[in-house]
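Please consider the following model, shown with its sequence. The paragraphs below lead through its backbone, its sheets, its chain contact and its DNA surfaces.

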2 protein chains.
Amino acid sequence: MNTAPASEPSGEPRWLTDQEQGVWRSYIEATTLLEDHLDRQLQQDAGMPHIYYGLLVQLAESPRRRMRMTELAMHAKITRSRLSHAVARLEKNGWVRREDCPSDKRGQFAVLTDEGYEVLRRTAPGHVEAVRQAVFDRLSPEQQKSLGEIMRIIAEGLQPKEAGADLPWLR
Amino acid sequence: MNTAPASEPSGEPRWLTDQEQGVWRSYIEATTLLEDHLDRQLQQDAGMPHIYYGLLVQLAESPRRRMRMTELAMHAKITRSRLSHAVARLEKNGWVRREDCPSDKRGQFAVLTDEGYEVLRRTAPGHVEAVRQAVFDRLSPEQQKSLGEIMRIIAEGLQPKEAGADLPWLR
DNA sequence: CCCCACTTGTTTAAAGTTCAAGCAGTGCCG
DNA sequence: CGGCACTGCTTGAACTTTAAACAAGTGGGG
């Protein structure tokens, strides 16, 4: 991970410049505030945190409104463990149901119920509006484009299997 | 919050365009992955999550390495409650100490201990390197500048006292 | 067919976060 | 100086997340 191990630095660390620090601080502030904001908004209107909402959306967009657990976890960028807990909670709410996979007895599908779909239909407009007000309405088209490019680059660099990805000489 | 209440939408919701959806999806992915990545890195190297690390940094940069609880909470964009729990944990680690405020008996200072400072000194280079590798090394100078502007705009719109800020006609 | 490494998903306990309630101290207004 | 609303911070309970260990199933050699 680090070229300079935390326990015994080798050489002068490459500190952030003042400008970089400013950018980084803004990034932390904005993402912290935005996550809090959206979590609160959805907790209010839909009774679940943002990431749970994202799971329902993903299911709604999938064929037959279902998806294998591992696949869903990967799409949502969370661990299988976390997903397991989340689905258990959503199941208790009646918004998702589990189904066995016929071809692989280990496998489970998470399936969006009608009730889950209904929650989504009811709360989606409010959520979209919140995102709009907090982000898109404040940015110029160029800034929106730029934001997309930047975030794609960052996400790409952190994608799965990044273990070893920054240590290519060890593979 | 919503011009269209979640329970009973009024008028056609302003959905996100395909392009906006793409930007938003990238944003969610990137911030989720990056937060996980940095949390894991710091948990490994420093034995605490990213937000706790940020608290120590803030204290280290403050006069006399101390700050009032409420002020610290505001800087870190977290609730006083959360800070209270966090400081309790950091105190148990010996990295922070509480001190009473002489002029206001309700008040508490969070003070960075020498041990806490040492942890910071030891782990900062690795953390900076991680941030660099994940973000700054991948972005052009123009993109860095752009990212800073965009995040400042978003953070600004979400700043404190935003309750009522989007309902100016009610004030 | 059997072993063994790997995949899928869940479980447990500990750590972190949130929300609502609460206590103590402050300061103003009569 | 006596209430009273407010501030500063903490607490406890409920919930979410994480890490590590686990159970169960798959699939490729030997």
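Arg65(B) sits in the loop between helix H2 (50-60) and strand S1 (66-68) of chain B; helices (H or I, at least four residues) and strands (E, at least two) are DSSP runs, numbered from the N terminus. This is a predicted model, in which local features need pLDDT of at least 70, side-chain atom pairs count only at pLDDT 80 or more, and totals for chains, interfaces and linings use all residues. Residues are numbered from 1 along each chain as its sequence is written, while chains are lettered from A and ligands numbered from 1 in the order in which they are written.

The phi angle of Arg65(B) is near 50°, a positive value in a residue other than glycine. Most residues other than glycine have a negative phi. Arg65(B) counts as partly exposed because it has 19 C-beta neighbours inside 10 Å. In that classification a residue is buried if 20 or more other C-beta atoms lie within 10 Å of its own, exposed if 12 or fewer, and partly exposed in between, with C-beta atoms placed from the backbone. In chain A, Arg65(A) likewise has a positive phi of about 50° although it is not a glycine. Arg65(A) is located in the loop between helix H2 (50-60) and strand S1 (66-68) of chain A, and with 19 C-beta neighbours inside 10 Å it is classed as partly exposed.

Chain A as a whole contains 6 helices and 3 strands, and along the sequence these follow the pattern α-α-β-α-α-β-β-α-α. Of the 171 residues in chain A, 35% are buried. Contacts (C-beta atoms, placed from the backbone, within 7 Å) can also be sorted by separation: among those in chain A between residues at least 6 apart in sequence, 42% join residues at least 24 apart. UniProt, in an unreviewed entry, places the feature "domain: HTH marR-type" at residues 20-156 of chain A; UniProt positions are given in the numbering used here, feature names are shortened, and annotations may be inferred rather than shown by experiment. Over residues 20-156 the chain is 71% helix and 9% strand, and the end C-alpha atoms are 21 Å apart.

The strands of chain A form an open sheet of 3 strands in the order S1-S3-S2, with antiparallel pairing; two strands pair if DSSP finds at least two bridges between them. Its edge strands are S1 and strand S2 (96-100) of chain A, each of which pairs on one side only. Between S1(A) and strand S3 (residues 108-112) of chain A there are 3 bridges, and the two strands run antiparallel. Met67(A) has Ala110(A) in S3(A) as its bridge partner. H3(A) packs on this sheet, touching S1 and S3 of chain A, and its direction makes about 95° with that of S1(A). For such angles, axes are lines fitted to C-alpha atoms, for helices over the stretch in contact, and angles run from 0 to 180 degrees between N-to-C directions.

In chain B, 3 strands form an open sheet in the order S1-S3-S2, again with antiparallel pairing. The twist averages 30° from one strand to the next. S2(B) and strand S3 (residues 108-112) of chain B are joined by 5 bridges and run antiparallel, with Val96(B) opposite Leu112(B) in S3(B).

The contact between the chains takes 57 residues from chain B and 56 residues from chain A. On the side of chain B that touches chain A, the elements giving two or more residues are H1, helix H5 (114-134) and helix H6 (141-158) of chain B. The largest share of that side, 15 residues, comes from H1(B).

A residue is near a strand if its C-beta atom, placed from the backbone, lies within 6 Å of it. Helix H4 (80-93) of chain A, together with helix H1 (18-46), helix H3 (69-76) and helix H4 (80-93) of chain B, each supply at least two residues of this surface. Around DNA strand C there are 28 residues, of which Met69(A), Thr70(A), Ser81(A), Ser84(A) and Lys105(B) come nearest.

Terms used:
Two residues are in contact if their C-beta atoms, placed from the backbone, lie within 7 Å.
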